[in-house]
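I opened my notebook to go through one model, a few features at a time. Here is what I looked up, in the order I looked.

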Amino acid sequence: MDAVDTGVRVERRGGVLWLRLHRPESRNALTLGDMHALATALRDVDAGEDRCAVITGHEPGTFCSGFRLDEGAAGDMASGRAKQAADDLFALLPVAPIPVIAVVDGPARGAGCELALRCDLRIASDRASFGIPAARLGVPYTPPSIAFLVRRYGQGPVAQLFYAASILDGDAALRSGLVHELVGARKLPSRVAELTERIAASAPLVQRFFKAAVAAAEGVGEEAAIDAALARVTASEDFAETLRAIGERREPRFTGG
């Protein structure tokens, strides 16, 4: 069902939480409501149903053009509401309990670029591009965002995005490590389906352990969360099923219990 009063369309199917941005008149520019809706959906992950999340544009050839910069958004920026909503969403993405995949099939600019770069996996089509034109527009970027992006991607790619305000096409983004995989636009849906099905078939509690460990390694998660997630794995029915499957020489069947 659609999120109320936002351009975010929420759907659950086959263990995948789909979060589609749908504001075609602004190339999916984010409003306050959109950012709140994305954050709410990620906080309300269903432990028994959701194995991974996908953030993408609703229409082919799209992703997100950034934060809405029309007249109505000026007050949100001046008041700090836009910064707070963006900070909350971006801080949540690396610590959300399930893997989050950005599927970028068009321009990812500004906040839209960071939205993709904060996800755990990024698949781009050959019509994707990435850029953060903050310096060109005269808009400062928050220190926590800069620090996170430098930790995750290194100084070089971040320098291209910030100092030079470069627009990187899919090939350049792949070479810079900003995306994990680049595929033709026609093959993008089938590749995403293959990836999400593979993740959905994996042990969900182990995936959550990986998320906690990676978040802590990146400096945005708590060390205690790793021990808690590991203890939950080893005490689970899924882990007992793993041991049975090894003994019986078959593939384990995970339920998340």
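**Terms first.** I call a residue buried under 20% relative accessible area, exposed over 50%, and partly exposed in between, with a 1.4 Å probe and protein chains only. This is a predicted model, so I ask for pLDDT of at least 70 for local features and 80 or more for side-chain atom pairs, while totals for chains, interfaces and linings use all residues. Numbering runs from 1 along each chain as its sequence is written, and side-chain values use heavy atoms, with hydrogens and water left out. Helices (H or I, at least four residues) and strands (E, at least two) are DSSP runs numbered from the N terminus.

Entry 1: Most residues other than glycine have a negative phi. I therefore looked up the exceptions.

- Ala165 has a phi near 50 degrees, a positive value in a residue other than glycine. I found Ala165 in the loop between helix H7 (155–162) and strand E8 (168–169). Ala165 counts as buried because its relative accessibility is 18%.
- Asn28, not a glycine either, has a positive phi of about 65 degrees. The loop between E2 and helix H1 (32–43) holds Asn28, and at 5% relative accessibility Asn28 is buried.

Entry 2: Rolling a probe the size of a water molecule over the atoms shows where empty space is left. My pocket is an open set of points on a 1 Å grid over the protein atoms alone, where a 1.4 Å probe fits, with protein on both sides within 12 Å along at least five of seven lines; lining residues have an atom within 4 Å of a point. Points are joined across faces, edges and corners, and the volume is the space filled by probe spheres set on them.

The second largest pocket holds about 280 Å³. It has 15 lining residues, and Thr56, Gly57, Val103, Leu188 and Pro189 are the closest to its centre. I count Ala, Val, Leu, Ile, Met, Phe, Trp, Tyr, Cys and Pro as nonpolar, Asp, Glu, Lys and Arg as charged, and the others, Gly among them, as polar. On that scheme the lining has seven nonpolar, four polar and four charged residues. Which elements supply at least two residues each? They are strand E2 (16–21), strand E3 (52–57) and helix H9 (188–200). H9 gives the most, with three.

**Entry 3: helix H9.** The expected span of a helix is 1.5 Å times one less than its number of residues. With 13 residues H9 should span 18 Å, and its end C-alpha atoms are 18 Å apart, so the two agree. Buried in H9 are Leu188, Val192, Leu195, Thr196, Ile199 and Ala200. These residues fall within an arc of 130 degrees seen down the axis, so they line one face of H9; I take the arc from the directions from the helix axis to the C-beta atoms. Glu197 and Arg198 are exposed on the face turned away. Counting contact as heavy atoms within 4.5 Å, the buried residues of H9 pack against E2, E3, strand E4 (100–104), strand E6 (121–125), strand E9 (181–183) and helix H10 (204–217).

**Entry 4: Pro99.** Pro99 sits in the loop between helix H3 (81–92) and E4. Is Pro99 buried or exposed? Pro99 is buried, with a relative accessible area of 8%. Leaving out residues up to four places away in sequence, Pro99 touches Arg51, Cys52, Ala53, Asp120, Ile199, Gln207 and Lys211. Arg208 is 109 residues from Pro99 along the chain, yet their C-alpha atoms are separated by 7.9 Å.

Entry 5: H11 (residues 223–234) has 12 residues and reaches 18 Å between its end C-alpha atoms, close to the 16 Å expected. Ile226, Ala229 and Val233 are buried in H11. Their arc is only 75 degrees, which puts them on the same side of H11. Ala224 and Asp227 are exposed on the other side. The buried residues of H11 pack against H10 and helix H12 (237–248).

In H12, I found Asp238, Glu241 and Ala245 buried. They cover an arc of only 55 degrees, so they share the same side of H12. The buried residues of H12 pack against H10. Glu248, also in H12, is partly exposed at 49% relative accessible area.
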